[in-house]
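Student: Could we go through this structure together, slowly? I would like to know what to look at.

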Amino acid sequence: MQDTSSTPRRLHIGAAYYPEHWSEEDWAEDIRLMRAAGFTVVRLAEFAWSSMEPAEGQFNFDWLERAIAQLSEAEILTVLGTPTAAPPAWLTQTYPQTLATDENGRRLQHGNRCHYCVNSPTYHAAARRIAGAMAERFGKNPDVIGWQIDNEFWRPCYCEICQVEFHRFLQSRYGDLETLNRRWSTAYWSQTYFNWEQIPVPRGNHNPGLMLEHKRFITHSYTHFQKTQIDAIRPHLAPGIWITHNFMGWFDGFDHYDLSQELDIASWDWYVGMGRNDYAISGAMHAIVRGYKNRNFWVMETQPNQVNWASINNSLEPGETRALAWHAVGHGADAWLYWQWRSAYSGQEQYHGTLVDQSGQPRPFYSDVKALGADFAKCSPVLIDTVPAAQAALLYSFDSRWAIQNQRHHRDFDYVKHFVHYYRPLAIRNISAAVISPDAPLDGYKLVVAPALNVLTEPQANALSEFARAGGHLVLTLRTGMKDDANALLPMRQPGWLREAAGAEVEDYYALLEPVAVQAEGWDGRAQIWGERLKVLDSENTHVVARYGAGHGWLAGQAAITVHNYGAGKVYFVGAYLDDAAQDALCVTILREAGIHPVLETPAGVEACLRVGADGHEVFILINHGNASQTVWLPWQACNHLNGQIVTHLALEPYGAAVLTLV
Ligand code: GLA
Ligand code: ZN
């Protein structure tokens, strides 16, 4: 289950650097400061198309080669980005059909980013050419350790090419129109299609089947575009050189599991933005990215103190970047790169945080990074080839997220919030939890939680049932097992194919105007937003854990939460969207029953993560997420690799961390 084949040989720290913004005389001082900060890596070139190919087919890589070489002299390695998120002006002028069209049919302008049509054959050819030329030149350069394709894919295009491609895509999925019409119930509102060209590209709300397939089409478009570049690069790479793409946190414009398939490692761009880090939420995002490949990942970009795009671009607190970095490492990051190194004089991001300002001098924040660079160097040896432990897994489903977001039914029903509602009670107790696709293998986990698994296929249901039958603890929640993979209602009650495993089914579901009391043995709580009325099917083996109280005519006295003894395991069915305290109490019971223990007991606000090596050696990472000092008592004696001390308790400073191995 744990795969370390693509994890790098050290923990990396660095930044995105744009030597093309500066004259070459400036590089030396930049690189000196990077080295002094302990940098081991930079990412270059992901927006440098106009500098690398100033005219069609004329390449100029000499400057880039000199930059890579100068960095290498300072022992700083390079990740190269392909520059396709920012096409040069000659390209969009000569081939205006490569510009994307927005939802309202307007062609985009040159000079921002991601303004290309993802399905344009002309754009594919240009992308293949620049990516291939870069790889030919740098694929075997020993200082280039990895490649990033494009930068933060996101834009759907509505041009005519994309429409035709959409129809072709639907044809390959459904085969014939009769099938599509049936599976989408198109007789409804007279949508029936008589030829493929009649099928619209959805703008705003539309038929649920059409809406879901359009998301899959965007997934397919980017997978294909990415593959075009991977195929142009891969043949030129030396063995061991990896390819990634930098994803964005909760972004759901395409299925990230599909896009990750052709990548060697996943990476993502993690910004707090406005406000403060909530480590249960960011922990979930790290775990999600780790789940894309079930491998350690890179934080390819993170904020040097502040961003420029939030409504209030507040800074981190002194020391806070340390907590953010070790938190990421605790959840499986093997690299931490700031965006960006130095403030360019102009361009659209003048106010963004950097390590070095427009004058070339380090900003106050630089000292935090320098300290972190030294800490990474100390701890790198002990963390190599270790991966996060995981006793529990949560399933994260793009299909279900899309299906629910298109039809919330209650305006406050948010897939992500509901997901975090289950992740948080685990996170705050230091329970090691993975986040995986509903199609991923389930072996090795004691507990699997399937939050709002609205779209459920029969194979997924079979795997979940088998997991429980074999002794696992399975938690099903609201809206689960309602839809098939064309986003149509299943012809049976929820949880669909999981009814036998659940030992119960949903008689009806209610969007709640007012909270409804929920009573269990041991706690009283409230259901809010959503309540499902459960009916026990297998009364002999099913226990009603909680019932609704008075207050809602259809729910009063009915089962809200059940647990079914199923084979050697148990299946919980949680029909109520509980308030936080009740949710916490329920999760405590489930964790106890599943025999899951925290990585370590810590005071509130201090997190403990565990990374384990292939040889079984354990590394504990402790993070103080708060701005007050904390004391942590350890159940054993440990070496803290940040300062070499042998300790049985720790005084963690505000945003402090510790990296421990047992002695
Ligand atoms: C994104 C982009 C970067 C930069 C940052 C600013 O993550 O990938 O190029 O624009 O945002 O926060
Ligand atoms: Zn298009």
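Predicted model: local features only at pLDDT ≥ 70, side-chain atom pairs only at ≥ 80, totals over all residues.

Student: Which residues are the protein donors of the zinc ion?

Tutor: The zinc ion (ligand 2) has the SG atoms of Cys 117, Cys 157, Cys 159 and Cys 162 as its protein donors, and they lie 2.3 Å from it. The angles among the four donor atoms run from 101 to 115°, and the site is tetrahedral.

Student: And how are those donor residues spaced in sequence?

Tutor: The spacing is C-x39-C-x1-C-x2-C. Cys 117, in the loop between helix H4 and helix H5, and Cys 157, in the loop between strand S4 and helix H6, are 40 residues apart, so to speak a pair that links distant parts of the chain.

Student: Are Cys 117 and Cys 157 buried or exposed?

Tutor: Both Cys 117 and Cys 157 are buried.

Student: New topic: where is His 352, and why does it count as buried?

Tutor: His 352 sits in the loop between strand S9 and helix H12, and it counts as buried because its relative accessibility is 2%, while the cut-off for buried is under 20%. Leaving aside residues up to four places away in sequence, His 352 touches several residues, among them Tyr 271, Trp 309, Trp 339 and Arg 363.

Student: What kind of peptide bond joins Trp 339 and Gln 340?

Tutor: A cis peptide bond joins them, with omega at about -5°, and Gln 340 lies in the loop between S9 and H12. Another cis peptide bond joins Gln 494 and Pro 495, where omega is about 0°.

Student: What is the phi of Ala 45?

Tutor: Ala 45 has a positive phi of about 80°, although it is not a glycine, and with 1% relative accessibility it counts as buried.

Student: Last one: how many cavities of 30 Å³ or more does the structure hold?

Tutor: The structure holds four of them, and the largest cavity has a volume of about 300 Å³. It is lined by 26 residues, and those closest to its centre are His 331, Pro 388, Ala 389, Ser 432 and Ala 433.

Notes. Residues numbered from 1 in each chain as written. Chains lettered and ligands numbered in written order. Heavy atoms only, no water. Helix = DSSP H or I, 4+ residues; strand = E, 2+ residues; numbered from the N terminus. Buried < 20%, exposed > 50% of the residue type's maximum accessible area, 1.4 Å probe, protein only. Contact = heavy atoms within 4.5 Å. Donors = N, O, S within 2.8 Å, 3.2 Å for Na, K, Ca; no water. Tetrahedral: all angles 85-135°; square planar, octahedral: opposite > 155°, others 65-115°. 1 Å grid on protein atoms, 1.4 Å probe; cavity = no way out; pocket = protein on both sides within 12 Å on 5 of 7 lines; lining within 4 Å. Points joined across faces, edges and corners; volume = space filled by probe spheres on them.
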